Amino acid sequence: MSAAALAVVVVVVFFLALYLLQRYGDLRRQQRMVLLGTLLSWYLCFLIVFILPLDVSTTIYKQCILDNGNQPSPSYARSGAFSRVGRIKTALIENAIYYGTYLLIFISLLIYVAAHPQWQLSWRQLQTIGITAANTWGLFLLVLLLGYGLVEIPRSYWLLSSYDYLLAKTYFKAAKVATEKASAEENLADVMEEVAGVHEAIRFNHGLRKCVDTIIGKCPAEYQEELVRNAESSRGEQNVLPTKGGLFKLHKKVISAVQRQGQTLVQWSILLEQAFHLEDVAKSQSSPLRHFTHSFPSEQNHGWVRRFIYTPTVEWYWECVCRQGFYRLLAVLLCLLSAAVVWSECTFFSTHPVLSLFAVFVQLAEKHHNYICIEMACFVSILFLCFCVYSTVFRIRVFNYYYLVPHHQTDAYSLQFSGMLFCRLTPPLCLNFLGLIHMDSAISHQDRIQTSYTSIMGSMSVLYFISDGFYIYYPMLVLLLCFATYYSLGSRCLNLLGFHQYITDDHLTSDLVDEGKEHIRRERRKRQKAEDGENRRWAWRDRYGAQEGAGRSRAGYTEINDDQSSPVTETKNSVITFRRDGEEEDEQHRSLLRDHYSDEGSPNRRSTGGRYLSLSPSRAGIFDDV
């Protein structure tokens, strides 16, 4: 194994794991033990996967020479206890049920081996039984996730070439997220009412006041200010004192409600940006100018990349010309890889003749002693397997308990649970890959040097009904899971149970698409009004800056056409707020254009063809605090 290649792999994998942790976690706010445990689990899993091709080529090289001569528990992070001992106690209770399944499998295998007359238990065999129990559970999950990813990954990239599909699905998601956002805000308000009651009941001289202060510290800033004001206005009221157990539950509810509300806000903003971008693409495709136009150019990143490389012309050619063909070609390549994996999973037990395509490629390169081709073939193969499995881990959602949300919004429980899933899936994934290329002696039944991985992890040849039965025939179920995923049987079942999924031939999906489209249209109008108002504000500052500095003695007028969307035509006594980078916080929000609907004393107003809005400082005092 090349030391240089190993060093490059170690460094690259570390930064890959660190990037994913920075994208999904919050490095500044979350607990250091949570971040360290998640980073360690992701890093080790990725490292094993990336080193395995080097291990395979090294083992084949040695064979040719011979022939020629635990991390912290998620329940700990989600516990509502205020002390470390309390969190550990809660985690032990909740994990006893989860890890009981592993213990049950281990005891069953132990009894089977002990009752067999030809076997004598040794420490090595006990170690193999423990690894087998873990890999059996991991293989069960692996086949489920792999069967979904082998179909969904190529199909998703094919559908990425269709803007109509993407826009309709974005509208569908917007309708669902809008409902979730409203529910999260309502739940947070209810929890804050409970916190307010506890805050009023437990005074500062009470023994549980420290726990209450901890709970209040987890609340949003605006609710904390409101709690202080309400406490000052209700000094004489008496409330029922809560117990310490009640405070534990309330603490847990506050953490969950605040986290959920933040997640829905981030998801909503992401969906808005996606919908606006897809609508801009649809407009640019029908435009005769080969120039991509954004609806809100002020919100785009105007860095040197967009100024010199990814210009509006380059963006137009990518979005309107090249993107569709690129994603369809990528989808075809991924589909071929998926077909090769499915075929190999169903035939890798056959060694004479060799039917597994991956084993054929590796053995062909082995005959020519081409170790670089062996490493590349193994790297591409296991990388695709990992992509199908791990991307599914990042996509799945178990209600609100497990969900990986980007932009630093993933809670500690989901981060640690994902790390546990990676640790459960990586060993059986590697063993399955070694079986596909016939490098596992338990599958190929060949007398050859073991890889470093199997020499450390052990072989399941001790348990024949596992190595010759479950381990060989269970992966064939991936074919049935691929058919189920292709026909969206899982999504249809969830839809029948009330968990709405995007299904193109369902009438409820069409209703949600229309609802989401209305939400996006409403948000677009709000942003357009805000941007128009900001542009008008800067126009006023450029035109009348000198008059404002001279004493604001002159009235200014601006003409607004009837066909222009203006924020001043919507609401009486409207207040328009603007923001500018570099200004102080107290100078960012100013009131403009007040009382423009008042008919009395408005001689400078027109009603047709265009209207003049009086901005006289003597009437509205519009520049009094600018």
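Predicted model: local features only at pLDDT ≥ 70, side-chain atom pairs only at ≥ 80, totals over all residues.
## A tour from surface to core

Residues are numbered from 1 along each chain as its sequence is written, and side-chain values use heavy atoms, with hydrogens and water left out.

Colour by secondary structure next: the chain has 21 helices and four strands (DSSP runs numbered from the N terminus, helices being H or I of at least four residues and strands E of at least two).

Now select Trp42, Phe46, Leu150, Tyr390 and Ile437, the residues with the most contacts inside the largest nonpolar core, which has 66 residues (a set of buried Ala, Val, Leu, Ile, Met, Phe, Trp, Tyr and Cys residues joined through side-chain atoms within 4.5 Å, where buried means under 20% relative accessible area, with a 1.4 Å probe and protein chains only). Among the elements that give two or more residues to this core are α1 (3-24), α2 (32-67) and α5 (123-159), and the largest share, 13 residues, comes from α2.

Centre on Phe46, which, leaving aside its neighbours within four places in sequence, is in contact (heavy atoms within 4.5 Å) with Val13, Leu16, Ala17, Leu20, Tyr390 and Phe422. Then move to a second, separate core of 25 residues, which includes Leu272, Val281, Trp316 and Val513.

How values were computed. Buried < 20%, exposed > 50% of the residue type's maximum accessible area, 1.4 Å probe, protein only.
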